[in-house]
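Subject: Structure for you to look at

Hello,

Please find the structure below, with its sequence. My notes on what was found in it follow.

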Amino acid sequence: MSIREPATVLFGATGYLGSLAASTLLAEERCRLILPVRGGRSRDEVLGPIVAECEASGCRIGPADLDRVEVTELPPTAQIPQLAERFRDLGVSRIVHCAGSVHYFNRAKLRAGNVELTDAIVQLALRLDLERFYYLSTAFSCGYRSDPVPEQLHPDPESDPTDYTWSKREAETLLARSGVPFVIIRPSVVVGNSRDGRYSGKRYGIYQIWHAAERFLGTNYPPVIYTVATPNRLHVLHQDAFQAGFLACYRHLPAGRFVHLVSRDEGLPDLRDLYHLWLERVAPASVLRCYDTLEEVPLDEMDSQQRLWLEFTSVNHQIASHPWSFETPSLDELASQGLEITHATLQTLAVCQEHFLSNGPRAWESRRESRADRAKTRVRESPHPAGSSSNNGAMDVLPNEQVGVP
Ligand SMILES: NC(=O)c1ccc[n+]([C@@H]2O[C@H](COP(=O)([O-])OP(=O)(O)OC[C@H]3O[C@@H](n4cnc5c(N)ncnc54)[C@H](OP(=O)(O)O)[C@@H]3O)[C@@H](O)[C@H]2O)c1
């Protein structure tokens, strides 16, 4: 790797947003990229998804591009500041910090992955002569509040959806008060690509709801579906919009900025729209009954599968029922300088839904059945896809996937 061009260190390249940010920088910038990763992963293992994302976006990556990338082992958190000497020699001028924990119910992991890790990376940054430090936080770091959320540090709210938002607020605070030239980027919940729906993130938000519907309701939707869904907008952002917004922040924003990287309010659907979209596609004969709170739902009129489904998605429903509203002066400024992103609408989410359905458990099951038919093998009928060890689908939805506010 030549050291003529400045170098950018990107933490979290093995994660969903980190690999999207890395593929954006690889495709669009000339900088050298240093990717510290843990777990002894090979260079090919790390670069595979990053290069695949570039190619899926229509950008060919040649050997000269790959020469600009160095994959290196991430030391334990406490030793991260000791990377300073090496990074100074490599001419590191920017840090992009996309690593973080999304273990919503595990305060120890959230503290380690969001607060302590960020603190160590900030200590490293203080030993370098950095031009900029970009931190991926979340639009929801404010916790529950009902007034428009400003682009500034947040005080502690009355309550948080989960400890996750607390840990992200702590990380923002220690970075913003450190003296490092920061830009804090706060995306809403990132969903698949707006053009083809491809998605490689974890099962959060709408993916968790869709997945739980497939598992608990399967192909036997009852005539009436009861759910909690208010007319509040669902704050989602397409991954291509994330990439374009991230790049604009990287190229244009001065230090000291907080950026709500979110879709425009006007076009965003609410959860009711999303459920109608889903039912039209998978169970057109079913009728949807929406309630504002779980307490109002007539639980005794539901079968056990529906009850399980509601239970698993309840925190999601609770968060989606909150009227979040984010101020966007930075995004407006970037738009006035030419940034164009595809804002999420019901139509663009239909693209993601279609991609999910054609790659999800139902499609998998139908491919499995047709393979079995072709082989004239008798497949024992089961309402659950292979790999499920439960008789109600509950085992297929991990406890940590019950909520979705990245
Ligand atoms: N996905 C979203 O919709 C969304 C929206 C807004 C904000 N965010 C924020 O963006 C960040 C990345 O989210 P994601 O969806 O990309 O998550 P992800 O796919 O789970 O990736 C997390 C990344 O962080 C690394 N990491 C986690 N804990 C770590 C630790 N203790 N020490 C070192 N590295 C650690 C992981 O490394 P390993 O691969 O080694 O585990 C991985 O590279 C998070 O901070 C999240 O708060 C995400």
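In helix 9, the residues Asp273, Leu274, Leu277, Trp278 and Arg281 meet Leu346, Leu349, Ala350, Gln353 and Leu357 in helix 13. Sorted by class, this contact has seven nonpolar, one polar and two charged residues. Please keep in mind that this is a predicted model. Two packed helices are described by the angle between their axes and the distance between the axes. Helix 9 covers residues 271–282 and helix 13 covers residues 346–359; their angle is about 45° and their axes are 11 Å apart. The two helices are therefore oblique to each other. The crossing of helix 9 and helix 13 is right-handed.

Helix 9 also holds Val282.

A second pair of helices can be described in the same terms. Helix 1 (residues 16–28) packs with helix 2 (residues 43–56) at an angle of about 60°, and their axes are 9 Å apart. That angle makes helix 1 oblique to helix 2. Their crossing is right-handed. On the side of helix 1, the contact is made by Ser19, Leu20, Ala22, Ser23, Leu26 and Ala27. Helix 2 contributes Pro49, Ile50, Glu53 and Cys54. By class, the contact of helix 1 with helix 2 has seven nonpolar, two polar and one charged residues.

Next, the sheet. Strands of a sheet pair through backbone hydrogen bonds, either parallel or antiparallel. How many strands form the open sheet, and in what order? Seven strands form it, in the order 3-2-1-4-5-6-10, and the pairing is parallel. Strand 3 (69–73) and strand 10 (257–261) are the edge strands, each pairing on one side only. From one strand to the next, the twist averages 20°.

Two of the pairings can be followed in the model. Strand 1 (residues 7–11) and strand 2 (residues 32–37) run parallel and are joined by three bridges. Here Ala7 stands opposite Arg32 in strand 2. Strand 4 and strand 5 also run parallel, and four bridges join them. In this pairing, Ile95 stands opposite Phe133 in strand 5.

Strand 4 also contains Ser93. With 17 C-beta neighbours inside 10 Å, Ser93 counts as partly exposed. Ser93 touches Pro6, Ala7, Leu130 and Glu131, leaving out residues up to four places away in sequence. For one of these, Ala7, the separation from Ser93 is 86 residues in sequence and 5.9 Å in space, C-alpha to C-alpha.

What about the surroundings of strand 5? Five of the five residues of strand 5 are buried, so the strand is largely enclosed by the rest of the structure. Arg132, Tyr134 and Leu136 point one way from strand 5, while Phe133 and Tyr135 point the other way.

Helix 5 (residues 107–126) lies across strand 1, strand 4 (92–97) and strand 5 (132–136), and runs at about 170° to strand 4. Helix 8 (residues 239–252) touches strand 5, strand 6 (182–187) and strand 10 where it packs on the sheet. The direction of helix 8 makes about 165° with that of strand 6.

Which residues of helix 10 are buried? In helix 10 (residues 304–312), they are Gln306, Leu308, Trp309, Leu310 and Phe312. What covers these buried residues includes helix 7 (205–216), strand 8 (224–228) and helix 11 (314–320).

Last, the totals. The protein has 14 helices and 11 strands. Of its 406 residues, 43% are buried. Among contacts with a separation of 6 or more, 83% join residues 24 or more positions apart.

Regards

Terms used. Residues numbered from 1 in each chain as written. Predicted model: local features only at pLDDT ≥ 70, side-chain atom pairs only at ≥ 80, totals over all residues. Pairing = 2+ DSSP bridges. Axes fitted to C-alpha atoms, helices over the stretch in contact; angles between N-to-C directions. Contact = placed C-beta atoms within 7 Å. Parallel < 35°, antiparallel > 145°, perpendicular 65-115°, else oblique. Left-handed = near helix turned anticlockwise from the far one by under 90°. Nonpolar A, V, L, I, M, F, W, Y, C, P; charged D, E, K, R; others polar. Buried ≥ 20, exposed ≤ 12 C-beta atoms within 10 Å, placed from the backbone.
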